[in-house]
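This report describes selected features of one protein structure, with attention to cavities, a sheet and helix packing. Please keep the sequence and the coordinates at hand while reading.

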Amino acid sequence: KREGSGRGRSLCVRRGRVKASGSEQAAETLKPQVQAAMAGDGLSSQDPPLDRLLCRLAQAAQDRNFENNPFSPGCSAVEVVVAGAELRSLPHSCCPNSFLELSALLPGPRPATEQHCRLPLRLLLSALRTIREGEALTMSYIDLDQPLDARQAALRQRFGPSFVCSCFRCRFELRRRSFRSSGCCLAGGGLGSGFLEEELLELAALGMQSARYAEAYELYGLVIDRNPSHGDALHGRGAAMLEAGYWLQAHVHFRKAAAQAPQHERLAAQAKKEQAYHLGPDGFGLRGPQLGSSESSSPFALPEFKGYLGGRAFMTIGTSPVVSDAECKYVIETAERHAAEQSGWTTSRHYAVPTTDLPVHEIPKALEWFKELLQSRLGPLLAEQWGSSIVGQEGQWMRMFDVFIVKYCASQQRHLPVHKDQSTHSFTISLNDPSEYEGGGTYICDLGEALSPSKGHVLSFEGELLHGGEPITKGTRYIIAAFCYVEKPGAESSAPQPFPELEGGRARKRARTADSGPAGGEPPGENESGESGGGIDWSAAAAGGSSFSFGF
């Protein structure tokens, strides 16, 4: 903790939280930590704003797995010794169903059970998942993000040399090792025999949480082998492919899964969303009128745009925006009216990097307008930027995965942590004038600066670029954000099988952390073929990195 001088407020970084700042002196004190947290960012000609530094610092401190974490491990975790027989006797599991949660007691009257507390802290035993009837409570006493042998060694060090963990995770991993060493096929019922369906699903969920997506894909497959219409397993397998970067394969899987389990809520929601944005094979190339214009208006003329990072990002510029002022006003008013009539703006759809947003496909008038915009203006613009050989002559190979209206407000959601999108390409459309807010824009780490298009203009970029929402310091900013993937004609039948390394090793991670490159020992900036930048085959490529994840 460092107190600022004069009128500056104090900046306090403790256990991953940035409390407040108005002090340049406090930020200077933490300069080494800031430099470590932003070590992979590009160099900018301008000094970064203090709000951006604080947000990046807080994100790094909160993330225990961040490879450039500028803080000691003690700032990332709290170890608690509990003087209670019931908690001391909880057995260990490498796939636990409960955990200890330490929280602060709020000022004011306390219940009788907490009046004896000398420290303003509460320790709770909380469930990590639904606990089956008759299932014993378990918790973990070690770091679970370790392979089998490392976990067993850590447990022997803690509980004694004779301790051997026999939880269902350890037993499953021992069996899988035996199958692989003996050359047995991992598919089919043999690997999962003797394990409850719920146990396999819990192991798969743990794999997803720890970015072991090939492992999760495999485990969900074992459940599907038993029950081909198991909705949760079908959805989970698609999510594992998405997180690992197999976009096309995931969407092909989701289409088939929705037919296999038509009553499953999340699969049905995904199918509904994909159908909402579907324009058909001949849908592109139409030239509809802009809102407020006459039918005799001249065809849309492509605006000027500027490229960044060797053609990995583009921003339209000039006096001819892609979306008119009248359209921007219409979309904002339609969104606010929809939020007022329904249950407000959503904050839980994107569980890894949550935004305050509304999905366009759930607002009929906004959806109708957006599909016209996609056909008549966005498609040709994206084709001009990314090339007709990649997205089609009119952008018709670009598929919409998710499109949503985002609301950034200085008094509520101010920014978005750095992340990578779950897409091959993404774009944003600015809906209101920069005079209505301060700050904002899309900060691209490789560029080292934030790009903020003018009202009605478009920023498009590769989804695997590490980026975040620049903090808003005053006012409210509205944008449309879209996540896309490329599906060329015939690609569905020719897409390679996901996770080809399953038989021989571990899948590449798309960890939910702000790492600067793909995991698995690959050089930063390269894809699976060793190419960098624009050499990626976006129709089927699997790329590493941090992901913007979805709760459909």
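How do the residues of the lining of the second largest cavity divide into nonpolar, polar and charged? The answer is six nonpolar, four polar and three charged. The structure under discussion is a predicted model.

## Second largest cavity

The second largest cavity holds about 80 Å³ of space. Its lining consists of 13 residues, and those nearest the centre are Arg56, His415, Leu416, Val418 and Gly469.

Three elements each supply at least two residues of this lining: helix 3 (50-62), strand 9 and strand 15. Helix 3 provides the largest share, with four residues.

## Largest cavity

The structure contains four cavities of 30 Å³ or more. In the largest cavity there is about 180 Å³ of space. A total of 22 residues line the largest cavity, and Tyr408, Leu416, Thr428, His467 and Ile479 lie nearest its centre. The elements that contribute two or more residues to this lining are strand 8 (398-409), strand 9, strand 10 (425-430), strand 15 (467-469) and strand 16 (472-486).

Which strand gives the most to the lining of the largest cavity? It is strand 16, with five residues. By residue class, the lining of the largest cavity comprises eleven nonpolar, nine polar and two charged residues.

Leu416 is listed among the residues nearest the centre of the largest cavity, and Leu416 is also listed among those nearest the centre of the second largest cavity.

In general terms, strands of a sheet pair through backbone hydrogen bonds, in either a parallel or an antiparallel manner.

Strand 12 (residues 442-444) and strand 13 run antiparallel and are joined by three bridges. Which residue of strand 13 is the bridge partner of threonine 442? That partner is leucine 451.

## Helix packing

The axes of helix 7 (residues 197-209) and helix 8 come within 8 Å and cross at roughly 160°. Helix 7 is therefore roughly antiparallel to helix 8, since angles over 145 degrees count as roughly antiparallel. The crossing in which helix 7 passes helix 8 is left-handed.

For helix 8 (residues 213-226) and helix 9 (residues 231-244), the axes come within 9 Å and cross at roughly 160°. This angle makes helix 8 roughly antiparallel to helix 9. Helix 8 passes helix 9 in a crossing that is again left-handed.

Conventions:
Residues are numbered from 1 along each chain as its sequence is written. This is a predicted model: local features need pLDDT of at least 70, side-chain atom pairs count only at pLDDT 80 or more; totals for chains, interfaces and linings use all residues. Side-chain values use heavy atoms; hydrogens and water are left out. Two strands pair if DSSP finds at least two bridges between them. On a 1 Å grid over the protein atoms alone, a cavity is a set of points where a 1.4 Å probe fits but cannot get out, and a pocket is an open set with protein on both sides within 12 Å along at least five of seven lines; lining residues have an atom within 4 Å of a point. Grid points are joined across faces, edges and corners, and a volume is the space filled by probe spheres set on the points. Ala, Val, Leu, Ile, Met, Phe, Trp, Tyr, Cys and Pro count as nonpolar, Asp, Glu, Lys and Arg as charged, and the others, Gly among them, as polar. Axes are lines fitted to C-alpha atoms, for helices over the stretch in contact, and angles run from 0 to 180 degrees between N-to-C directions. Angles under 35 degrees count as roughly parallel, over 145 as roughly antiparallel, 65 to 115 as roughly perpendicular and the rest as oblique. A crossing is left-handed if the near helix is turned anticlockwise from the far one by less than a right angle, and right-handed if clockwise.
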